[in-house]
Amino acid sequence: MSVTVRVPAKVNVQLAVGAARPDGFHDLANVFLAVSLFDEVTATAADELTVTCAGPDADQVPLDRTNLAARAAGILAERAKIAPAVHLHIAKSIPVAGGMAGGSADGAAALLACDALWGLDTPRAELLDICAELGSDVPFSLVGGAALGTGRGELLTPVEAGAFHWVFAVADGGLSTPAVFREFDRLTAGTRIPEPEASPALLAALASGDPDALAPALANGLQAAALSLRPALAKTLAAGTEAGALAALVSGSGPTTAFLVRDEEAAAKVAAALEASGTCRATRVAASPAPGATILPS
Ligand SMILES: C[C@@](CO)(OP(=O)(O)O)[C@H](O)COP(=O)(O)OP(=O)(O)OC[C@H]1O[C@@H](n2ccc(N)nc2=O)[C@H](O)[C@@H]1O
Ligand SMILES: Nc1ncnc2c1ncn2[C@@H]1O[C@H](COP(=O)(O)OP(=O)(O)O)[C@@H](O)[C@H]1O
């Protein structure tokens with residue numbers, strides 16, 4: 001018997017970053033938006049916990065117990081006092097280490113798939129607790145749509161979002177999330193860092209579904225740090241803007257870059273121009289909001 005769960009990538013339409021906390025994390029006002037790039041995780045009964053992965057970036061995905069899908073299965077089994085007897089197969093489409101929460105997505109998907117496979121019927125609140133234990137981004141991967149994440153990003157409040165169109169430029173290689181936060185600390189050392197707060201203008205623009213209102217409100221507090229570690233991303237951002245994107249920003253901790261466009265036609269044009277510019281490895285077109293982790297019919 002198998003259970004397959006489909007789970008979306010995310011872009012952060014606002015990422016306000018506070019000062020480093022004593023536990024090393026940063027308080028955030030993190031406005032997450034799920035986009036229609038999906039991984040699929042299939043859980044199949046097996047003798048022991050194993051992970052396989054397929055897709056263009058599969059060679060960059062760890063297959064041991066550090067894989068977030070494996071960690072999710074391990075934590076759920078331990079709580080239920082059963083053996084994690086499952087094979088997890090990840091059909092990977094979300095860029096790896098790209099600032100689109102692909103590992104988090106697989107963690108949330110594996111949790112939902114194992115819960116169904118093992119017939120545990122774990123309450124939603126408990127699943128969200130396990131997600132928060134796995135990582136700051138993981139609760140959002142479970143719920144999808146659009147949400148404001150506070151605390152380290154794990155405390156979610158749903159927000160309203162109209163439909164938007166996006167192009168993503170995938171960079172060569174990844175960026176380490178902790179390294180980008182460390183670079184943020186270095187760049188802001190000695191400055192007063194305000195408490196992170198969601199922008200009312202951004203939330204109103206998101207709800208309106210008007211890309212011309214959303215474009216000037218997009219803001220990523222980690223962008224300067226990502227650009228400092230990967231200066232070539234500035235060329236990618238410029239290439240997308242020159243091709244007619246309404247706005248360009250780094251997705252989360254990067255190095256994937258995100259381009260807000262008016263419609264599907266503009267998306268195809270901007271994607272083609274980005275590919276021709278030679279400033280990225282590949283492009284992906286997507287729409288938002290996308291649903292969170294969902295069990296597919298068998
Ligand atoms: C930056 C964001 C934006 O959504 O995602 P990515 O763009 O990397 O996908 C997130 O905050 C990443 O969340 P996630 O990838 O789940 O991070 P975690 O596993 O919880 O933490 C990894 C490390 O990132 C740093 N970290 C993470 C979250 C946070 N609020 N403050 C931090 O300082 C810490 O150094 C931590 O040890
Ligand atoms: N299922 C997974 N898919 C991708 N990466 C994973 C997974 N599990 C653990 N990782 C590790 O997490 C790191 C960050 O990957 P990812 O979640 O894709 O990026 P980001 O944190 O930038 O959104 C990877 O470099 C990899 O070592």
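## The loop between S4 and H2

In this predicted model, Pro95 sits in the loop that runs between strand S4 (86–91) and helix H2 (102–117). Val96 is placed in the loop between S4 and H2 as well.

Both residues fall within an annotated stretch. An unreviewed UniProt entry carries the annotation "binding site" for Pro95, Val96, Ala97, Gly98, Gly99, Met100, Ala101, Gly102, Gly103, Ser104 and Ala105.

Pro95 counts as buried because 26 C-beta neighbours lie inside 10 Å. When neighbours within four places in sequence are left aside, the contacts of Pro95 are Asp57, Met100, Gly102, Val170 and Thr256.

Val96 has 20 C-beta neighbours inside 10 Å and therefore also counts as buried, since the cut-off for a buried residue is 20 or more. Not counting residues up to four places away in sequence, Val96 touches Asp57, Gln60, Val61, Gly102 and Gly174.

## The shell around ligand 1

Ligand 1 is surrounded by 20 residues, of which Gly135, Ser136, Asp137, Arg152 and Gly252 are the closest. Strand S1 (2–20), strand S2 (26–45) and helix H5 (177–188) are the elements that each supply two or more residues to this shell. Sorted by class, the shell holds twelve polar, six nonpolar and two charged residues.

Definitions and conventions
Residues are numbered from 1 along each chain as its sequence is written. Chains are lettered from A and ligands numbered from 1 in the order in which they are written. This is a predicted model: local features need pLDDT of at least 70, side-chain atom pairs count only at pLDDT 80 or more; totals for chains, interfaces and linings use all residues. UniProt positions are given in the numbering used here, feature names are shortened, and annotations may be inferred rather than shown by experiment. Helices (H or I, at least four residues) and strands (E, at least two) are DSSP runs, numbered from the N terminus. A residue is buried if 20 or more other C-beta atoms lie within 10 Å of its own, exposed if 12 or fewer, and partly exposed in between; C-beta atoms are placed from the backbone. Two residues are in contact if their C-beta atoms, placed from the backbone, lie within 7 Å. A residue is near a molecule or strand if its C-beta atom, placed from the backbone, lies within 6 Å of it. Ala, Val, Leu, Ile, Met, Phe, Trp, Tyr, Cys and Pro count as nonpolar, Asp, Glu, Lys and Arg as charged, and the others, Gly among them, as polar.
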